[in-house]
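Here is a walk through one protein model, meant to be read with the structure open beside you. Turn the view as you go.

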Amino acid sequence: RQMCIRDSYNAGLPLLNELATDEMGAITAGASKQLMLEELDKCKPTPQNGIIKSFYAGQYAMINRANDLIFNAEKSGIESVIVNRCVAEAKFLRALCYYNLTSVFGGCVLTTLPGSERVGENMPRSSTEAVYGQIFQDLIDAYSVLPVSFAAEKEMGRATRIAAAALLARASLTAATMGKYAHISPAVSYTHLRAHETSQDL
């Protein structure tokens, strides 16, 4: 979890979203860091860009952890109510990571299996439509299980039903915009309508 937060929101995601706009500019840094920032600033990143690599790796590290928890949850022997809530939290985090990835890269590698179940497998890049389909399904599943809030202060920051609805609404708006301007498939448009109905609780 810490890796995902550090690589996404401390640097990676804000830089990838804002550095190429008028809202942010590259400033003088160490030589290697400056080159990475300038690549993003000029919209000419390379596969070797450390900011992109760190962001990409952080998202998939979290996705793999979520997949591992979801895949092995029933084997834990823990009370089913707790297991179901943890699975719902993992689905929320997986959806968040895939939303971050597809917001930056469009279609990306989509898997719901942990690394131990796909050793040596060469995963192809999935379409944007397929990724959004998984995002919506994960958030709808999470929404149906997560509590509206946690009473204890120590639980602050955990995924809630309201957080799932909020992300569902945001992903729905993104998908609807892409459907209008990027001609996303009708299948995703239909899923968007289902997600929109659920997000009305916001």
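**A walk through the helices**

Start with Gly106, which comes just after α5 and has a positive phi of about 75 degrees. What you're looking at is a predicted model, so local features need pLDDT of at least 70 and side-chain atom pairs count only at pLDDT 80 or more, while totals for chains, interfaces and linings use all residues. Residues are numbered from 1 along each chain as its sequence is written, and side-chain values use heavy atoms, with hydrogens and water left out.

Now zoom out. The protein chain has 8 helices and 0 strands, where helices (H or I, at least four residues) and strands (E, at least two) are DSSP runs numbered from the N terminus. Read from the N terminus, the elements go α-α-α-α-α-α-α-α. Of the 202 residues in the protein chain, 40% are buried; buried means under 20% relative accessible area, exposed means over 50%, and partly exposed is in between (1.4 Å probe, protein chains only). The protein chain exposes about 11,500 Å², and 55% of that comes from carbon and sulfur atoms. Those areas come from the Shrake-Rupley method with a 1.4 Å probe, and for residues only the protein chains shown count as cover. As for contacts (heavy atoms within 4.5 Å), 60% of those between residues at least 6 apart in sequence join residues at least 24 apart.

Let's go inside. Nonpolar side chains tend to be buried together in soluble globular proteins. A nonpolar core here is a set of buried Ala, Val, Leu, Ile, Met, Phe, Trp, Tyr and Cys residues joined through side-chain atoms within 4.5 Å. The largest one has 40 residues, and Tyr98 and Ile135 touch the most other members. The elements giving two or more residues to this core are α2 (12-18), α3 (31-41), α4, α5, α6 and α7 (161-181). Pick out Ile135 and, leaving aside neighbours within four places in sequence, you'll find it in contact with Ala95, Tyr98, Tyr99, Thr102 and Ala171.

The buried residues of α6 include Val131, Tyr132, Ile135, Phe136, Leu139 and Ile140.

Next, the rings. A pair of aromatic rings is described by the distance of the centres and the angle of the planes. Rings of Phe, Tyr and Trp (its six-membered ring) pair if their centres lie within 6.5 Å; planes under 30 degrees apart count as stacked, over 60 as edge-to-face and the rest as tilted. The structure holds 5 aromatic pairs. In one of them, Tyr56 and Tyr60 have ring centres 4.9 Å apart and planes at 55 degrees, so the pair is tilted. These two tyrosines sit 4 residues apart in helix α4 (residues 50-72), so about one helical turn separates them. Tyr56 is partly exposed at 34% relative accessible area, whereas Tyr60 is buried at 16%.

The rings of Tyr132 and Phe136 also make a tilted pair, because their centres are 5.9 Å apart and their planes are at 40 degrees. Both residues belong to helix α6 (residues 128-145), 4 residues and about one turn apart. Tyr132 is buried at 0% relative accessibility, and Phe136 is buried at 0% too. Elsewhere, Phe55, Tyr56, Tyr60, Tyr98 and Phe105 form one aromatic cluster.

Finish in the loops. Which residues does Asn49 touch, leaving aside its neighbours within four places in sequence? They are Met36, Glu39 and Leu40. Asn49 lies in the loop between α3 and α4 and is buried, with a relative accessible area of 1%. In the loop between α5 (80-105) and α6 you'll find Ser116, which is exposed at 54% relative accessible area. Met123 lies in the loop between α5 and α6 and is partly exposed at 22%. Not counting residues up to four places away in sequence, Met123 touches Val109, Leu110, Thr111 and Arg118.
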